[in-house]
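Subject: Structure handover

Hi,

Here is the structure I promised to pass on. Have a look at it first, and then read my notes below.

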Amino acid sequence: MTALLFVPFAILVILGFPIWTVLAGSSFIALYFGSGTPLTLVVQRMFTASDSFPLLAVPLFMVAGNLMETGGISRRLINFCNSLLGSFTGGLGMVGVLACMFFAAISGSGPATVAAIGGIMIPAMVEAGYDSAFSAALLAVAGAIGVIIPPSIPMVNYGVVGSVSISSLFAAGFGPGILMGLALMAVCYVAAKRNGYGKLSAVQFRWSGVWHSFRDAFWALLMPVLILGGIYGGIFTPTEAAAVSVIYGFVVGLFVYKELKFSDLPPLLMAAGKTTAIVMMIIASASGFGWILTAERIPDVIAAAMMSLSSNKFVILTLINLLLLLVGCIMETTASIIILTPIFLPIVTQLGVNPIHFGIIMVMNLAIGMATPPLGVNLFVACSISGRTMEQISRKLVWVLLLSILVLFLTSYFEPIALLIPRLMGLIR
Amino acid sequence: MKKRIQGFIDNFEGYCCVVALSAMSIIIFIQVIFRYVLKASLPWSEEISRYLLVWTTFFGGAYGVRLGAHIGVEAFTMLLPKKYQRVLAILINVASIVLCVAILVFGIKIVQTQMRRGQLSPAMRLPMGYVYLAIPIGMVLFIVRYIQRIVLALLNFSKNEEEAGGLL
């Protein structure tokens, strides 16, 4: 039955079928020709998989992100970051990265982060003398931090599939997210120094400027405190935090910053509904697929094959990292997490890797994949903002990507980068 | 007037998502308020929001079909000449209809079973058959949207992408 599952799977993927149809279709074929199990199973599991309270966080964080973008919150975050870093060499680029990090602490989505921050920063950087392809490349990768710093939609998906605490995953995302931000700022500094980017813009650093922009951004900056404080203070679950952030973003956008209008809501909610459903259809149809994988003991077979290559934790992690980077280049994030977690997680836990640590590794890999051609959602957004083609941006991606991959490997081999914070918080042992 | 009706039909599932997502946000927010501020947990809030998510999944999914937003791996098909890519896209839509019909049939079976057994949801005592209806109704919408895409693709086959208004 294994071949009956994987041959149709491979053919449908190569033909470019939407991922959910690939998963549901190959499950039907495998069950129909390969076993006596009733085909209703696939449809029944579609229901059970989407009937999930933790997954409710997915649409709610998407709505929250869209609200921030239209409600004037992203621009205020950028102004605050600019008052802090604008005076340095390469400052404007660093501002973009830092603003992505702040925005990431509110939104759980990569492309939303690129759209919200890049939409303002890329034109501003070009005006200040930065190369537009470089600006787009930098912001596309910085947007990937959006899913590494909590909250994070891919982490919610991983937590649900791997039965791992979502709050602990969130806490483990801080270290790698901040490290990646610093690495990108370093790239930006060097690039600006070499090419003389940003000579036109230099803002002078003033404490009064910092204070003013801080006051203006106060309600935006309070949001991550509220969301994360609520989760770790034991007040609400990640899903409830997402609902609170929707209401908060709505109130702040409508009554405090007054940039959100009621007429903005239907298109904003429709966009969130569409994106949610695309992710959820994949999760729903992956459920039957996953059932067949487990019933056929396929994860065990793959595990045995990998272990026969090496039983060294670092070698296996390296192999998995390379494979995930490759998968991330061609496949969508949710689908990769849903399909690959049940296969890889048992292997690495056998080798003594903490499931939380592996979750972060997996999310980082796929986050980088969001910014690599040919299928990088962040890149698509950055292309449309900057007006440059994928090829032009890809040429400027090299250093930005290399540094992020370096951070990824550091996080993989040096566990405390991810696990120090959840350990200090007493979330894991 | 005619335009407004057409806009409504075009975005029907989208409007359903608007209602469901607003309801979810408000219900879960109220759940937090009740538990934390009023110290009284609501028994039904979690259940209804989960079911709303199921409905959003299948309705929003159909909306995604209309917008051509369900993506697959394009790395390989990109290598084909444009004309073949279009033919392939139409064939994929046809094959997807076959899949949706299969899901529709099994979905109806599940609804019938649930109705016969009289299964009720734990908190709200809602007949589970109604909740499961999301699948067959959703699949009918999927099929309608796939047919719409195929027809549009065939009508605009010889035009280039801009002329077709991004509907290909």
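Let's start in chain B: Phe142(B) and Tyr146(B) sit four places apart in helix H6, so about one helical turn separates them. (Helices are DSSP runs of H or I with at least four residues, numbered from the N terminus.) In general, an α-helix has 3.6 residues a turn, so residues three or four places apart point the same way.

Before going on, some housekeeping. This is a predicted model, where local features need pLDDT of at least 70 and side-chain atom pairs count only at pLDDT 80 or more, while totals for chains, interfaces and linings use all residues. Residues are numbered from 1 along each chain as its sequence is written, chains are lettered from A and ligands numbered from 1 in the order in which they are written, and side-chain values use heavy atoms, with hydrogens and water left out.

Back to that pair. Rings of Phe, Tyr and Trp (its six-membered ring) pair if their centres lie within 6.5 Å; planes under 30 degrees apart are stacked, over 60 edge-to-face, and the rest tilted. That gives 22 aromatic pairs over all chains. Phe142(B) and Tyr146(B) make a tilted one, with 6.4 Å between centres and 45 degrees between planes. Phe142(B) is buried, at 0% relative accessibility, and Tyr146(B) is buried too, at 3%. (Buried is under 20% relative accessible area, exposed over 50%, partly exposed in between, with a 1.4 Å probe and protein chains only.)

After helix H6 (134-155) of chain B comes a segment that holds Ser158(B), which is exposed at 73%. Ser158(B) and Lys83(B) are 75 residues apart in sequence, yet their C-alpha atoms are 9.2 Å apart.

Over in chain A, Phe80(A), Phe102(A), Trp211(A), Phe214(A), Phe218(A) and Trp219(A) form one aromatic cluster.

Then there is helix H12 (residues 238-256) of chain A. Its 19 residues should span 27 Å at 1.5 Å a residue, and the end C-alpha atoms are 25 Å apart, which agrees. (The expected span is 1.5 Å times one less than the number of residues.) Since 15 of the 19 residues of H12(A) are buried, the helix is largely enclosed by the rest of the structure. Lys258(A), which follows H12(A), has a positive phi, near 55 degrees.

Which charged end sits over the ring of Tyr257(A)? That of Arg76(A), 3.7 Å from the ring centre. (The rule: NZ of Lys or CZ of Arg within 6 Å of the ring centre and within 35 degrees of the ring normal.) In chain B, Lys39(B) has its charged end over the ring of Tyr36(B), 5.3 Å from the centre.

Cheers

Note on methods. Helices (H or I, at least four residues) and strands (E, at least two) are DSSP runs, numbered from the N terminus.
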